[in-house]
Number of protein chains: 2
Amino acid sequence: MSIAYAGERGAFAELAAREYFKGKQRLAATADFADVFKAVIKKSATYGIVPIENTLAGSIHQNYDLLLEHPCFIVGEICLKVAHFLLANKGVRRADIKRIYSHPQVFPQCRNFFKRYPKLEVVSIPNTALAVKFVKDHKFTDAAAIASMQAGIDFNMQFLARNIEDNKHNMTRFLVISRTSRPLKAGRGAPEKTSIVFATKDLPGALFRCLAVFALRDINLFKIESRPVHGKGFKYLFYLDFEGNAEKQPQRNAIAHLRELTTFYRCLGSYPVGRIADPHYAVR
Amino acid sequence: MSIAYAGERGAFAELAAREYFKGKQRLAATADFADVFKAVIKKSATYGIVPIENTLAGSIHQNYDLLLEHPCFIVGEICLKVAHFLLANKGVRRADIKRIYSHPQVFPQCRNFFKRYPKLEVVSIPNTALAVKFVKDHKFTDAAAIASMQAGIDFNMQFLARNIEDNKHNMTRFLVISRTSRPLKAGRGAPEKTSIVFATKDLPGALFRCLAVFALRDINLFKIESRPVHGKGFKYLFYLDFEGNAEKQPQRNAIAHLRELTTFYRCLGSYPVGRIADPHYAVR
C-alpha cells in the first residue's frame, strides 16, 4: 500500500498521511497536487492525500477543481494542527534574510510576522518542504523558508523563529482520495459525512430549494463552497458537505430530491468525520 | 476626488477604476489591498477599488477579510474582462525566459500556458503591474511578467505572447468602497444588490433557515461564500449577495428576520449591479 502526497519529506501532507495511516505504508512524494490525483488514477499509489482548507487562509480551490476533474472518491479526512517555522541554512542570522520561500497559502497565515518585517520579499513555491529544499540546495545566505518543524529536522536547517503563524488554532484539513469509494479502516466507527458537487437549475430560490432537501430531512450541513464554473462568467458550482452516508436513508432520498433541482450532480464520497491531530515529529 | 487602487499604473484595478469612473479623477496607487482600505478610512482617498473574484481563479479571500475588518461600505461594482500578456524587456526572446513574475491569482488563470512550459519557475508579486516594474527595474534578460496590455504599454515592454489566459470569458469583479454608504452616480438606474456577512446560531439547519428569510420573500441570491472564522477552527462566516436594497422592502424585513437567526450580522452595502466592461487601453 502506498500513499501519494505533494512535495518533499517534511511536507504538512506527509505529516497528515503519517497521522492518518499510522502504519508502515510507503509514502510517495509527487511534484504537485495534480500529480497526486494522477498517481491515484493511474494506480501508482493506493491512496492520495491533499489539503482542502486551512482555518486561516480558507479553501484550497485547486483541489476542489481537481476533485471534480478526476474520477476518484474521498474516503477519509484528518485535521492537522499547523505550526510554521522560519528555517535557514546553518550560520545564517535573521538579519541576513531578504527573501522568504514558502507555499502561497502560508503567507496569509503569518501576516503578523510579515508586518514586523515589511521589507521581506516573498517567493511562492508549490510546497513548504520544497521551499526548504530550494533554500538548502541553493545554499542561500540571504533567504529562508517557512515550513514545518519536520522539514527543519529532515533538512538539518537552522531554526530562526518558531510558531510564526498568527493564530495558535491554525489547522489544515486533508482529504484522503482513492479510485474506489470503499471507506478506510482508519476512521471506522466515527460519524460519517458526505461531499457532493452540484449546479442548480435556473429557478427562483434555486440554492434555497437545494438546501431544503437536507433541512426537510434533518440532515445537518457542515460546509458550503461556491466556485465559478469555468467559462460561464459568474455562474457557480456548489460544493456541499453534509452529515451521514449517501447510501443510507434519509440521505439517499435527499439526494434523489436534489437531483430534481440540479443540472449537474456528483457525489465525491462518504467517509468518516476526521479527528484533529497534533503532528508527531520523527528524527530520521 | 481620488480613487485608491493596489499596484502600479497598468494594474487591472486601475483599468477597472478608469472604466467605472470614466472621468478626470486622480487615481492613486497603493502598495497592497490593505493600503487601499487604509486610504479610504483615513480619508486620503475618496473611494477605493479592489478585486473580489475572478471567474477562473475564484474569490480573493483577503479582500473579503479586509471588508470585514474595516468600517467601510461597498458602493459600486464593475466586471472587467481580463486578458493576460507575457511581457519582457526589449530584446529578450521567449526561449530566454526561465522565471515568470505575476500575482498568484494569475498563474491558475494561465494553466495551459504553464503546461506548455513546465520548467518555468513562478514568483509571486502582490500585483501584476508591479511584476512588470520589477522585471523592468532589474533589467532581467531571463524573466518575464504576466500582466495587462496596459502595463505592457506603460512600461514599454516587449510583448512575447498575448491572451495567454485559459478561458476567453475570463473576468474579474471589482468592488468600489467608501467611508459612507451613499451610492455613486455611476450606476444610477441599474438594479441594485446588497452584500452582507453573518454567522449562524448553532441551530439545526441553521444556514437553511437563514436562506429561507430571502426565499420566503422571493429575494434572489447571487452568491454565497463561506470563510473560516479566525481562531474558531472550522466555524464559518457567510458572505451573501442578494438582489435589492437593504433599506427597502421586502429586504428590510428579510434582514430583521435574519438577525433573529444569527449571532453576528453586518451589512457591507447596497449598490447598483455592475456592468461588464472591456478595458480601454490608453497611450500615455
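Two strands pair if DSSP finds at least two bridges between them. On that basis, chain A of this predicted model holds an open sheet of four strands in the order E13-E14-E12-E15, with antiparallel pairing. Helices (H or I, at least four residues) and strands (E, at least two) are DSSP runs, numbered from the N terminus.

**Sheet in chain A**
- The edge strands, E13 (221-228) and E15 (262-272) of chain A, each pair on one side only.
- From one strand to the next, the twist averages 15 degrees.
- Six bridges join E12 (residues 192-200) and E14 (residues 236-243) of chain A in the antiparallel sense.
- A:Phe198 stands opposite A:Phe238 in E14(A).
- Helix H3 (residues 61-69) of chain A packs on the sheet and touches E12, E13, E14 and E15 of chain A, where contact means heavy atoms within 4.5 Å.

**Helix pair in chain B**
- H2 (residues 33-41) and H3 (residues 61-69) of chain B pack at an angle of about 25 degrees, with axes 10 Å apart; axes are lines fitted to C-alpha atoms, for helices over the stretch in contact, and angles run from 0 to 180 degrees between N-to-C directions.
- B:Phe33, B:Ala34 and B:Phe37 in H2(B) meet B:Gln62, B:Asn63, B:Leu66 and B:Leu67 in H3(B).

**B:Ser195**
- B:Ser195 lies in strand E12 (residues 192-200) of chain B.
- B:Ser195 has a relative accessible area of 4% and is buried (under 20%, with a 1.4 Å probe and protein chains only).

**Conventions**
- Residues are numbered from 1 along each chain as its sequence is written, and chains are lettered from A in the order in which they are written.
- Local features need pLDDT of at least 70, and side-chain atom pairs count only at pLDDT 80 or more, while side-chain values use heavy atoms.

How values were computed
Buried means under 20% relative accessible area, exposed over 50%, partly exposed in between (1.4 Å probe, protein chains only).
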